[in-house]
Amino acid sequence: MKALSQKRRHPFAGVALLLLGLLITGGLYSAATTINEAQASENADAYSDPDNIEEGERLFVANCATCHGINAEGTDAGPSLIGVGAASVDFQVGTGRMPMQMQGPQAQQKPAQFNDEQTMQLAAYVASLGAGPAVPDDEYLDVDQGDPARGGELFRINCAMCHNAAAAGGALTEGKYAPSLHGVEPRHVYAAMTTGPQNMPVFSDANLVPEDKRDIIAFLQTYESQGTPGGFSLGFLGPVSEGLFIWTGGLALLIASMVWLTSRSS
Amino acid sequence: MSATKEKYTEEQYLEVDQYQPKTGGGRIANYVDTRVGGTSIVREFGRKVFPDHWTFMFGEVALYSFVILILSGTFLTFWFDPSMATTRYSGSYAPLQGLEMSTAYATALELSFDVRGGLFMRQLHHWAALLFVAAMSIHMLRVFFTGAFRKPRELNWVVGASLLILGLGAGFTGYSLPDEVLSGNGLRIIDGMLKALPVVGTYISFFLFGGEFPGSEVIPRLYVMHIMVLPAMILLLIAIHLFLVVTHKHTQYPGPGRTERNVVGYPVGPVYAAKAGGFFFIVFGILALISGTFQINALWNYGPYDPSPVQAGAQPDWYIGPFEGVLRLMPGYLGDFSLEWVIPTPWGGNSLAMPVLIPMIPVALIFLGMFVWPWIESWITKDTKERHLLDRPRNAPTRTAFGVAIVTNYMIMWGMGSNDLIATHFQLSLNDITYWSRVLFFLGPVIAYILTKRICLSLQRKDRETALHGDEAGVIQVSADGGFSEKHRRLDDYELWTLVSYDSPEPTPAQPNAKGKITLLEKFRARLNRAFYEDRVAPVSREEYLEALEHDHHEPEELPASGVGAIESRDH
Amino acid sequence: MGEHGNGDPKDSGAVIKAGEGESGKYAIDNPGLPPHRPRLADESEKVAKGAERVVSVLFLLSIIGTVVFFVGYFAIGQTEGDLQLLRVQNTLLGVGVAFAMLGIGLGVVHWAKTLMPDHEMVEDRKPLRKETEREEAETIINDVLDESQIKRRPLLRNTMIGAALLAPLPFIVTLRDLDRSEDFGVERMRHSMWDEGVHLVRDPSGTRIRASDLTVGTAMHVIPENLRTISSHGERLSEKAKAVTLVMRMNPEDIETVSEGRENWSHDGIIACSKVCTHVGCPVALYERHTHHLLCPCHQSTFDAANEFKVVFGPAGRPLPQLPITVDEEGYLIARSDFTEPVGPTYWERGNTDPEGDYAS
């Protein structure tokens, strides 16, 4: 390590590092794009396949039209879905929020009601109604390419105020809330950013470019996989759960020891 | 100090040197004693008696937490650098790599990730701080509800209350030191509250932050307060507190053999010293266990302080929670009428931020009331005697009810401090919780007062029943004619004494002063006095007790009647 | 105290005469301490031996705890960013110390409870003073006062009090330089880095924003472009604390209120407001895109972006200041001027007027 750190200060070290970096990035990039292009086109194909659109429409009419209208034009009970895009359907149906169990301040997450193929077909149908955010390319979901440190900074500026610094979620007005992001699939996190479900603001590609979104997802993944070094997390809720714990668990232990200490031995 | 006037003989002076210790240990002890006067210390403390009850240990918990705070805090100071100068993070925590941050935050991270045992010490320090304030609070509640603040301990109560406030100060300054987003927003709130103070507020804020918020001065200043000024003051007050405890001797619960003139318990040597000393290790052990297994203040989550970000669930440590809660409770507008007032002045108008100032009132009243309560109570009750025997809370129903009312009020503010988490975890609307809490803030204490007072009086009546007719023995008897009755077991004198030996004065009417006039203030006092004592349950008198014994003797099988007169507030 | 454990209260000295000082006051007289009940260990040496063993096992556990600590410290060593490993280390250190401490604590207390004498002792409370001593003390104080002649010479006393009152003042005055800034005073709170033509840039990247970058429903956290010209970190943070701004786009028809003089403050549904809460200054950053509500997570003041950020809930007593914006010829968002009122929490000198005329548009 010592030798390396000395050589690091060499005048040409920076140049060498830059060249090396460029070489690796270039190599990786060309490799990645070929793979991704293949996948992306495959994805795009599936979403524009007329069979899928037709099947999606059938599912839509049976399951969604009550609220969203027979042509997805929207009713009093549900908004129009024209132009919301495939990403929106993938998120709402894929996380089980839609179909909604009941009207409420906001749709609750629950086990998905449709399998992946059905979700894709529904998304294909809705996407065919009008242009909207598409399902993200796999390239931008590959967290290994993301920079968690940069993602963390973006997360704290753009997301933590609602979703909490540890992504544990938080309250909004009138019973609405920002959900916890623990265990949420990268594609759903991505889709939430591009579509702005419920009351969440939209983070369009002009606001956070796809690489930014990837960094944020990389941060979330890193955060979740790194664990909690101090011990049990107490729900990632910060000072409130810590205070609650010392007043319940901590004091219970202490009072038990006090009662034992002052009781007479038999 | 009449002892100083005593005349000593020459032999007494010489005796000091003539004593020859026999063992090595004795020689060392003698060496020290002839130089520091240990004999008198041992004579004073060696067999000093301390009463033993688990509720007396909360003060010790606070003291021991403070010792642990000093120990762990000293460790932290070796690595922590409170400077707000910027640096680029290069420690081992990957998600913050390369970020610009203050040295304070960077060294706090270094302590957590790159100093072995640093994370443990940080967690120990923080958990001990939470426990320190919690233990002080419960200790004060214990003292309040048992009436241990009465003469001659009023001043020591004030010392204790000051310790609580210093503890809050030490806690808050410590919470702010790491300079991350969470504590930075806490300081932001302090800044906003300071600025709301009329006339001086803005300048206090300037002087604290060395200019406009946040500047680059505040962390080192808080650090000096946190590691020097506040701990020194706490230490000094603890010394005074303990000195007064020794002077007064500890209070004790009423019980057989206990009187106002004695103290019953275990001697310092060896039992009490062993228990109290051992308890230090127990408190330390429990805190270490918690610190090793439960994460506290994961400051790497929050990121370096920057005025732009904020996070959901932005809360202070629990003891600042009520202050946070009462700020949330206050509406800024009543209908369309803003509570932010502008006083028109020739130089352009001065602003009064009533939505920030009004919530300071209840908190200030609670703390002020805490300081002066001993004098308020003794003024109302006209009780001027020394009180070394504690009240059982039920035997002081009005005080207990009043205390519970204040605690309820405090709890509502406290709960409001976490209303967003209550909302998400119980699927409620944040706004509804706030609306309800605004009602409960006023109504809750009233309900709590009435309920507590009724419960106390019922318990006192139950005590009377038990004293007069004994315990239910749990044995059902069938009489010859088929009736069922439960056998009662009469208490022995030791059990009985605790139930009957309390004072329950009748209200004293307004007294004329030296000029023979009854002042308005005296009338007010008399009204408070009546409120304090009118719902009284008198202790069992000797006549009643003898009558009950007589009754037993004649009809040993009969179920006792429910209560005997003499309870003025009884309504049947 | 050699007689412990024989169960006879007389030997502990722990007997009081019944009803001492309060005879006849209560239903019965004070019965004195209950008779002492011997413990198992008092009566059986076997039980006492058992207790001794328990105590020494606890002390042994303490030793094991210390060893566990050393294992955690040395065997794991530096964790170098491996947080899972750090957690293992932290747990070993914590549990090790816990055992080390609890072993000693529980051991000593168990020892005290089972083997040390458990007779309660009675000690008399002494009166805090004796009357003769009080008189003596009073005499001393009077003598001391007389000898000092402070009562006889009021001039001495009065000048001394005057001097003593004034003497601490210099120390208080020296605190004046706690704020040494050149622009000391309240005037600086009226200005931020925003000014006519200053570009809105993204926080933290500092890139300019085209109006077309904001789709409907977008909220973006922005700072003035000139903020980066400040080199001192502290000053930059202080300026940022006044300049942080939220810009959001909604359907132009959703904007309900536009008061006179603010008609050109927004651009095609894009509006901007100060992020600093008017209550006590937390960043108001939670934007709900359908209700157009902005929520402050600290004290839950809620502002309605569609109605010029007026307060709809919570403790804030004043709307958020709106930043007048427009676009430059290249389509980038720029400020029309600074905020037209001081941002952030209310302070005494804030007033409602504009004596310097800075805010005249």
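**Chain C: sheet and overall form**

Tutor: Strands β3 (residues 219-224) and β4 (residues 245-249) of chain C pair in the antiparallel sense over four bridges. Strands are DSSP E runs of at least two residues, numbered from the N terminus, and two of them pair if DSSP finds at least two bridges between them. This is a predicted model: local features need pLDDT of at least 70, side-chain atom pairs count only at pLDDT 80 or more, and totals for chains, interfaces and linings use all residues. Residues are numbered from 1 along each chain as its sequence is written, chains are lettered from A, and side-chain values use heavy atoms, without hydrogens and water.

Student: What's the bridge partner of Ala219(C) in β4(C)?

Tutor: Met248(C).

Student: And what's the strand order in the open sheet?

Tutor: In chain C the order is β2-β3-β4-β5-β10, with antiparallel pairing.

Student: Switching topic. How many helices and strands in chain C?

Tutor: Chain C has seven helices and 12 strands. Helices are H or I runs of at least four residues.

Student: Is chain C spread out or compact?

Tutor: Chain C is more spread out than a compact globule, because its radius of gyration is 38 Å, well over the 21 Å from the globule rule for 361 residues. The radius is taken over C-alpha atoms, and the rule is 2.2 Å times the number of residues to the power 0.38.

Student: What box do the C-alpha atoms fill?

Tutor: Roughly 100 × 75 × 50 Å, along the principal axes of chain C.
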